[in-house]
Amino acid sequence: MTAVTSSSALEYAAYELTNYDLTAIQSATRVSQALGPRDVLVRMKTASLNYRDLLVCTGRYRKISLPRVPLSDGVGEVIEVGQAVTKVKVGMRVSPNFMTGWTGGTITPEVIQTDLGAGIDGVLRQYAVFDERSLVKIPDYLSDEEAATLPCAALTAWNGLIEEGNLKAGETVLVMGSGGVSIFAMQFALMSGAEVIATSSSDEKLKRLKKMGAAHVINYKSNPDWDKEVVKFTRGRGVDHVIEVGGSGTLEKSAVSVKVGGHISLIGVLANPNAQSNHAVHLLMKAVKLQGIFVGSVEMYERMNAALTVHKTKPVIDKVFDAHDVVEALRYMQSGAHFGKVVLKI
Ligand SMILES: NC(=O)c1ccc[n+]([C@@H]2O[C@H](COP(=O)([O-])OP(=O)(O)OC[C@H]3O[C@@H](n4cnc5c(N)ncnc54)[C@H](OP(=O)(O)O)[C@@H]3O)[C@@H](O)[C@H]2O)c1
């Protein structure tokens, strides 16, 4: 890997996606521009994977122009700052927001185009330059590996449950599977004094979810009528919130599981996307609030970090890979063997 060659002008090693094919992630060197007044030079140290990175690298995300440095989630150390920077200092550990342009307020079409690893170059590189407004300070109690899991999966779960879902103590939350978003959602629910019903395809993973605090667990593979079991567990009432990561393949079951007037955070696309379902009538007749969630803003990220710090909540890391083994790490994630997050050391 190359090192910084001079102040405010550097070469950096980056892994670039050069084709829509997992194996077409290649090491490349680029020269960046000089630092602008509000720019911050960051030496990237860790990154984490999201299901979305698999979609990007296999051409199933929205159309992006190649070559592109992949991955949205990373942590690094501030090496140098532009002359007008006030938010961060040299030596600080920081993380760029998933959408670098979404600092606060409501999401807009413009900020969606600033998503790392798709609209703009991502974090799988040795050095990167970010506008100070896109950066968030990492809580001191978290390691670099732990903090690298937060920008996409954690913030999405936080936005769905806390910012948009207005979760209250004593409510019941349904989470699906044991991936990154779902485990963070379970942790935020428990932090808020809510009850969790969790599903998984693996009895082994269900045991772990129960140990982490799930009140009830259901195997969605061996029990295809898991929605009925959710209703039964809630004594016929249904859950207050659903963290819907399956998409059209599970939405009908979410519509059965949710209570009248409940809230569904529509987040993922893991289950059969071509499924035909009858959910519209259920959702309408139950007056369900169906909310699309697309990660979150810098302000939300900062509120989430404050809450994590109060509770000293630790992200669940399944495995750490070397950044050179990014393709192996993505394949591992694709296999679904993981529980929580897969991390890369850069
Ligand atoms: N909207 C947003 O802003 C946003 C942000 C982050 C993620 N997402 C989306 O949310 C989804 C989850 O992302 P992630 O990064 O958390 O993924 P992940 O870590 O790869 O999670 C995968 C896990 O989900 C579970 N799963 C797979 N198919 C399922 C199904 N049909 N029903 C229930 N659970 C199923 C499996 O858990 P078990 O092994 O326990 O069965 C699998 O291991 C993806 O579709 C991703 O694109 C959206």
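## A tour of the ligand site

Start at Y220: an N or O atom in its side chain lies 2.6 Å from an oxygen atom of the ligand. That is a polar contact, meaning a pair of N or O atoms within 3.5 Å. Taken alone, the ligand exposes 930 Å², and the protein buries 90% of that. These areas come from the Shrake-Rupley method with a 1.4 Å probe.

A note before moving on. This is a predicted model, where local features need pLDDT of at least 70 and side-chain atom pairs count only at pLDDT 80 or more, while totals for chains, interfaces and linings use all residues. Residues are numbered from 1 along each chain as its sequence is written, and side-chain values use heavy atoms, leaving out hydrogens and water.

Select S178 next. A polar atom of its side chain is 2.6 Å from an oxygen atom of the ligand. Then pick K205, where a polar side-chain atom lies 2.8 Å from a ligand oxygen atom.

Now show the whole shell. It holds 26 residues around the ligand, and S178, S200, S201, Y220 and I293 come nearest. A residue is near if one of its heavy atoms lies within 4 Å. The shell divides into 14 nonpolar residues, 11 polar and one charged. Here Tyr counts as nonpolar, Lys as charged, and Gly as polar.

Color the two domains, whose bounds come from an automatic or database domain assignment. Domain 1 (11-152 + 296-345) and domain 2 (165-292) both give residues to the shell, so the ligand lies between them.

Last, go to the loop between α1 (51-57) and β4 (73-81), the place of P67. Helices (H or I, at least four residues) and strands (E, at least two) are DSSP runs, numbered from the N terminus. The peptide bond from L66 to P67 is cis, with omega near 0 degrees. Most peptide bonds are trans.

Key:
A polar contact is a pair of N or O atoms within 3.5 Å; within protein, one must be able to donate a hydrogen and the other to accept it, and residues adjacent in sequence count only if both atoms are side-chain atoms.
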